[in-house]
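Dear colleague,

Please find below the structure that I promised to hand over, together with its sequence. After it I have written out what was found, so that you can follow each point with the model open beside you.

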Amino acid sequence: MKRRFGTVIAMVLCFILTVVSVYADDGKGQNPDYVTDYYMIVQSTQGGVDIYDEADTQSVKLNDSKIPNGTAIHVLGEKNGADNKKWAYTQYHGMNGYVPMDDLDPASREEAANEEYRTFGGKDVDFEVKVHGNDGNVSVYNGPGEKFDQVSGTEGIADGTTVHIFQYVQGEDGTNWGKTDTDGVTQGWLNLDRDTDYVNENVSADAPEATGTSGNVPVAAVTPTPEATPTPKATPTPEVTPTEKVTPTPEATPTEEATPTPEETEKPASTEDKESDDKQSQKTSGKNVKADSGMKNPVIWISGIGIIVIIILLIYFLKKKK
C-alpha cells in the first residue's frame, strides 16, 4: 500500500513539474541567439512594425498599434526566426520582444536619436527647469529616452540645480524630454516629467506656433489708423468749427474688435490635445503590461491544483490505512 501511495504521489508531482516547465518555455524562451548592443531605425513599407513575444509572426503580438517609422530601436540581441530571417530583440514600453530586421535600417546612436527627435516633432525651445532628484543626482541620457543609455563619464545633475532646456520632444511613449546645457556645455537629455518641475506651459509658451500669439495683438490689424485719420477733411474749421462733428472718435475705437483674444484662448486647446495624447499612450502602455503580467497566472493555478490533488490523496490513503 505504501509503495502504491508513493508511486501515485511521484506521478502527480512529475505531471505538475512537466506542465509548469512546458508552460514556462511556451512564449517565454526569449533568449536571443547572441547578445548585441547597437541601434536601428524603423523603416517599413507598412508605415511601422509590430513587436512579438517570439521571433515568429504567429506568436503573441505585444503592441496595440504599429511602432511608427522613424522610431529608434535599441537592438539587444539577434535571433533566427521561424521564417529563417533575422529578428531584433529589443524593449518597447517596458516589454521585451522581437521585431523583424527586414523593417529596420542601421544607424549610429546619434543618428537614431536625431531621427526620433525629428519624427516626433522635436523643436528648439528656450526655458529653464529645476531638477528634482530626491536629494540625489539625476541621470542624463544620450537621446530622448532611456533606451539611448546614460551619458558616460558624468554623475548626472544635482538635485535642486536649475538648468537651461534648448530642445524639447515628446517621445513615442508620451514622456516629455528636454536637452539641457550648463554654462554652454551640453549635458544630455532629461526626463522632464520625472526629474524636473517641468509643466507643459513651458513649451507651449515657447513653441513656434505659440509665439505667434504675441502676434495676436496684430499690429497690422490695429493699424487701420490711416482710415481713422481723415482729419484733413475735418480741418474746415474756418466755417463753423465743426469739431463736434469730428468727435465721432467712438467709431475710431474699434481697437476692441482688433484684440482677437479668442485666438489666444485657443492656446489651452493645444495643451488639452497633448494631455489627451498622453492619456491615450499611457492607456495603451497599461494594456500591454497587463497582457504580459497575466501570462503568469496559469502557473500559479496549475501548481495550486497539484497541491490540492496531493492533499486529497494523502487524506484518502490515511483514512484507508486506518
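Does T36 count as buried or exposed? The model is a predicted one, and in it T36 has a relative accessibility of 15%, which is under the cut-off of 20%, so that T36 counts as buried.

T36 belongs to strand β1, which covers residues 34-42, and, when residues up to four places away in sequence are not counted, T36 touches V75, L76, G77 and E78.

Strand β1 is part of an open sheet of five strands, whose order is β6-β5-β4-β1-β7 and whose pairing is antiparallel. The edge strands of this sheet are β6 and β7 (104-107), each of which pairs on one side only. On average, and with direction ignored, neighbouring strands of the sheet are turned by 50° against each other. Helix α2, made up of residues 109-119, packs on the sheet and touches β1, β4 (72-80) and β7, while its direction makes about 40° with that of β1.

At the edge formed by β6, a second residue deserves a careful look. N96 lies in strand β6, which spans residues 95-100, and six bridges join this strand to β5 (residues 86-92), with the two running antiparallel. Within this pairing, N96 in β6 is the bridge partner of Q91, and the side chains of N96 and Q91 also make a polar contact, at 3.2 Å. The side chain of N96 makes a further polar contact with the side chain of Y89, again at 3.2 Å.

How exposed is N96? With a relative accessible area of 28%, which falls between the cut-offs of 20% and 50%, N96 is described as partly exposed.

If neighbours within four places in sequence are left aside, N96 is in contact with Q30, L62, Y89, T90 and Q91.

With kind regards

Key:
Residues are numbered from 1 along each chain as its sequence is written. This is a predicted model: local features need pLDDT of at least 70, side-chain atom pairs count only at pLDDT 80 or more; totals for chains, interfaces and linings use all residues. Side-chain values use heavy atoms; hydrogens and water are left out. Helices (H or I, at least four residues) and strands (E, at least two) are DSSP runs, numbered from the N terminus. Buried means under 20% relative accessible area, exposed over 50%, partly exposed in between (1.4 Å probe, protein chains only). Contact means heavy atoms within 4.5 Å. A polar contact is a pair of N or O atoms within 3.5 Å; within protein, one must be able to donate a hydrogen and the other to accept it, and residues adjacent in sequence count only if both atoms are side-chain atoms. Two strands pair if DSSP finds at least two bridges between them. Axes are lines fitted to C-alpha atoms, for helices over the stretch in contact, and angles run from 0 to 180 degrees between N-to-C directions.
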